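This briefing is meant to be read beside the sequence and the coordinates. Its points are grouped by topic.

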Amino acid sequence: MSRPRFLVTASPHLRGPATTPTIMWNVVGSLVPIILAATFYFGIGALLVIGSATAGAMLTEALFGRKGSLGDGSAAITGLLLGLILPPGFPLWMAFIGGVVSIAFGKLIFGGLGQNIFNPALLGRAFLQAAFPVAITTWVEPRGGWLTLPAQMTSVPFMGAGDVDVVTSATPLGLWKFERIGTELWNLMVGHIGGSLGETSGLLIIVCGGYLALRNFLNWRIPISIFISVAVLSGLLHLIDASRYPSPLFMLFSGGLMLGAWFMATDMVTSPVTNKGCWVFGAGVGALVVIIRAWGGMPEGVMYAILLMNALVPYINEWTQPKVFGTRLTEAPS
Amino acid sequence: MPYKRTFRHGVHPPELKELTEKVKIRRLPFPDEVVLPLSQHTGKPAKPLVQAGDRVERADKLAEADGFISAPVHASASGTITAIDLWPHPDGSYKPAIRIAVERYSPQAARPRIIPRWEGLTPPQIVQAVQDGGVVGLGGAAFPTHVKLAPSKDVSIDTIVINGCECEPYLTTDHHIMAEYPERVHLGIRIMARALGVDRVMIGIEKNKPDAIEAIRATLPADLNVTVHPLTVKYPQGAEKMLIEALLKREVPSGKLPLHVGVVVQNVGSCAAIAEIFETGLPLIERIVTVTGRGVAEPANLIVPVGTKVRDLIDACGGLTEDAHEVVFGGPMMGAPQANLDVPVLKGTTGVIVLSEAETRRKESFACIRCGHCLDACPVFLNPQLLGQMALAGRYLETEDHHIWDCMLCGCCSYVCPSNIPLSQLFQVTRTAIRRLKTEAAA
């Protein structure tokens, strides 16, 4: 008998069900329907914006990330998510820059996958908000025609934004904040509203996020605690003064809340590792969203709510360490 | 009963028991040589009583226990001792072992001996007989069984828990002991109950062994308070602390033993081995081993003489297949990998598993993405993510503040880690490093 060579490795000797790339590419897959919905509502321009952001993110990862790190799928997620939180008709070069900043300053500068403190896509968006405040608040009316591209989309860097020649509309949150005009709830749910590309169809996002939750690729406690927190707090405010504060359902389905709760706050790297911590984290995000929307200067607050809570994650982890088996009861008589 | 008997956390690896679940136990013919390491148990190695060239009969004592936490070693076959020398040990090192060239045409009969009647023995006499029989925990840890039957006076034991969980994938050893020798298990329980002076016995069996549950239930003694508890199938249900939590809702304090909560846990195989001492008079010289995995042609449950080489076991099961990639002693979650097919089966070897390449650990690892899956898996509620990062950074002593010594090395965290970070291996390394750092500091 020839001597076969055997593997000698530490236990356990069986492989578990999921790998990090499996999780990441499943997230990418679950974003596809949302991207298609964005394209349905905003035309081919949606794909171009998302594509530019993703190209920026992936190119940066490929150039400056660790060797082979493109294959883990995390850069693709960052790019797609960034694209989804940009307005339709956003200049493509800006979207590209956003993707670059997301990966370079949101992730690589901290040491790559797993090391970053803030959600890279939201960091990129925060950068764009600071750098291009006008472009990022120009909202195109859904259904402007499938193939029409707003002129400012293809504008050349630093040459001015071009003429804004599209029919713009305010987002439901903007309408409420500045003009106290409500939006039909059903339109909010299916997405027939103005807003960022991925902010439109709440129901679709629930389905896609729910798939990930069922497969344990995201911690369901985070979106659920965000929803509870938002619903309770905004419900209280609504009871106090219904003319000033919108209903909880409006709060849940408007703006980036659904996308943020299911896909941004649940980013494993930047959310707590403990389940108890996830409840705390979600409750904090929800509270901040309500506070910013109700009393802040901006109509929308999901981005800052999540970024602020990201910063607290190390503390939340420390506060919510599991109680080790054998230390939960009083000391045994020895 | 709506209440589910189990512990919290844990994992659900594929059970993979179907390969040998329905295969009846059969006896392996005596091999040409048996190799009996002096260290087959937790505690001090046995001291040899024989020399090279001696002729020994089956069941003769070859080495005696060195102190109380030790166990003797007996000849598992008749023949001539060829050497007492270093030999590959399943733990990966070379250890002193007694080699016996087995006599080919021997009837393999033991010398006539007096079989003690357990009913007439006092508890200390039973403990002595169990130690003389060389019985150790047959569930894998190989802790000398008699030690657990003689707890110190300052603890009071009220319950004996019999471990028939066999939560490791692939293994069907305990399953077949329960299904095929239930009376022997019950006799062992009776003797232990007498030794400990305890009348409450709980047998925990995972629900995936209905025939074992049925066989044990059908032979329950009428005069003893023995109960059978089917348990949820989950790894590591067979870990002592988890089993006690599932059956009794008692939590063994950190750093303490089951006897601190009034419980003694014994494996079903150990029960049968104790019974054998008082039935046939034979010490622990053979055991039942599951030889299985996709790398073995004909998986089987075998009765083998202790000291039989793995090579002989695999040959008896039709040899290796093309897929054979990794040979593991014990279960695939906690077992020890083998590089050499000359290693012998020990008293505590529950199974020999030959895994195929497709099911073994992945080669590539990724960065930790802080998914928290390891925290959800850890049955003792550690934070493997944090401990792993500390270990990788070489911050070994800090891990003590985070209960590194409470880790059972069950492997749940490594199993679920999507980034394939070898967490339980890191913890093993960390503990070794801490011990070294402390001895260096003391010196």
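The model is predicted. Chain B has twelve helices and 17 strands, and 55 of its residues are in contact with 38 residues of chain A.

**Overall form of chain B**

- The radius of gyration of chain B is 22 Å, which agrees with the value near 22 Å for a compact globule of 443 residues.
- The C-alpha trace of chain B spans about 65 × 55 × 50 Å along its principal axes.
- Of the 443 residues in chain B, 56% are buried.
- Among the contacts in chain B with a separation of 6 or more, 71% are between residues 24 or more positions apart.

**Side of chain B that touches chain A**

- The contact between the chains involves 55 residues of chain B and 38 residues of chain A.
- On the chain B side, two or more residues come from each of β15 (324-329), β16 (336-338), α11 (412-416) and α12 (423-442).
- β15(B) gives the largest share of this side, with five residues.
- By class, the side of chain B that touches chain A has 30 nonpolar, 16 polar and nine charged residues.

**Helix pair α4 and α5 of chain A**

- In chain A, the axes of α4 (residues 92-106) and α5 (residues 120-131) come within 8 Å and cross at roughly 130°.
- α4(A) and α5(A) are therefore oblique to each other, and the crossing of α4(A) past α5(A) is right-handed.
- The residues of α4(A) in this contact are M94(A), G98(A), G99(A), V101(A), S102(A), I103(A), F105(A) and G106(A).
- Those residues meet P120(A), A121(A), L123(A), G124(A), R125(A), F127(A) and L128(A) of α5(A).
- The contact of α4(A) with α5(A) is made up of nine nonpolar residues, five polar and one charged.

**Helix pair α4 and α7 of chain B**

- In chain B, the axes of α4 (residues 182-196) and α7 (residues 268-279) come within 7 Å and cross at roughly 80°.
- An angle of 65 to 115 degrees counts as roughly perpendicular, and α4(B) and α7(B) are therefore roughly perpendicular to each other.
- α4(B) contributes R184(B), V185(B), L187(B), G188(B), I189(B), I191(B) and M192(B) to the contact.
- From α7(B) come V268(B), C271(B), A272(B), I274(B), A275(B), E276(B), F278(B) and E279(B).
- Eleven nonpolar, one polar and three charged residues form the contact of α4(B) with α7(B).

**Helix α10 of chain B**

- In α10 (residues 384-392) of chain B, the buried residues are P384(B), Q385(B), L387(B), G388(B), M390(B) and A391(B).
- An α-helix has 3.6 residues a turn, so residues three or four places apart point the same way.
- The buried residues of α10(B) pack against α9 (373-377), α11 and α12 of chain B.
- Of these partners, α11 and α12 are also among the elements that give two or more residues to the side of chain B that touches chain A.
- G394(B), which has a positive phi near 75°, follows α10(B).

**Backbone details**

- Most residues other than glycine have a negative phi, and most peptide bonds are trans.
- The peptide bond from S11(A) to P12(A) is cis, with omega near -5°; P12(A) lies in the segment before α1 (20-42) of chain A.
- Another cis peptide bond, also with omega near -5°, runs from Y235(B) to P236(B); P236(B) is in the loop between β11 (225-231) and α6 (240-248) of chain B.
- N216(A) is not a glycine, yet its phi is positive, about 65°.
- N216(A) sits in the loop between α8 (202-214) and α9 (221-240) of chain A and is partly exposed, with 16 other C-beta atoms within 10 Å.
- K249(B), a residue other than glycine, has a positive phi near 60°.
- K249(B) is in the loop between α6 and β12 (263-267) of chain B and is exposed, with 9 other C-beta atoms within 10 Å.

**Loop residue S152(B)**

- S152(B) is in the loop between α2 (145-149) and β9 (159-164) of chain B.
- S152(B) counts as exposed because it has 6 C-beta neighbours inside 10 Å.
- S152(B) and L259(B) are 107 residues apart in sequence, and their C-alpha atoms are 9.4 Å apart in space.

Methods:
Residues are numbered from 1 along each chain as its sequence is written. Chains are lettered from A and ligands numbered from 1 in the order in which they are written. This is a predicted model: local features need pLDDT of at least 70, side-chain atom pairs count only at pLDDT 80 or more; totals for chains, interfaces and linings use all residues. Helices (H or I, at least four residues) and strands (E, at least two) are DSSP runs, numbered from the N terminus. The radius of gyration is taken over C-alpha atoms; the globule rule is 2.2 Å times the number of residues to the power 0.38. A residue is buried if 20 or more other C-beta atoms lie within 10 Å of its own, exposed if 12 or fewer, and partly exposed in between; C-beta atoms are placed from the backbone. Two residues are in contact if their C-beta atoms, placed from the backbone, lie within 7 Å. Ala, Val, Leu, Ile, Met, Phe, Trp, Tyr, Cys and Pro count as nonpolar, Asp, Glu, Lys and Arg as charged, and the others, Gly among them, as polar. Axes are lines fitted to C-alpha atoms, for helices over the stretch in contact, and angles run from 0 to 180 degrees between N-to-C directions. Angles under 35 degrees count as roughly parallel, over 145 as roughly antiparallel, 65 to 115 as roughly perpendicular and the rest as oblique. A crossing is left-handed if the near helix is turned anticlockwise from the far one by less than a right angle, and right-handed if clockwise.
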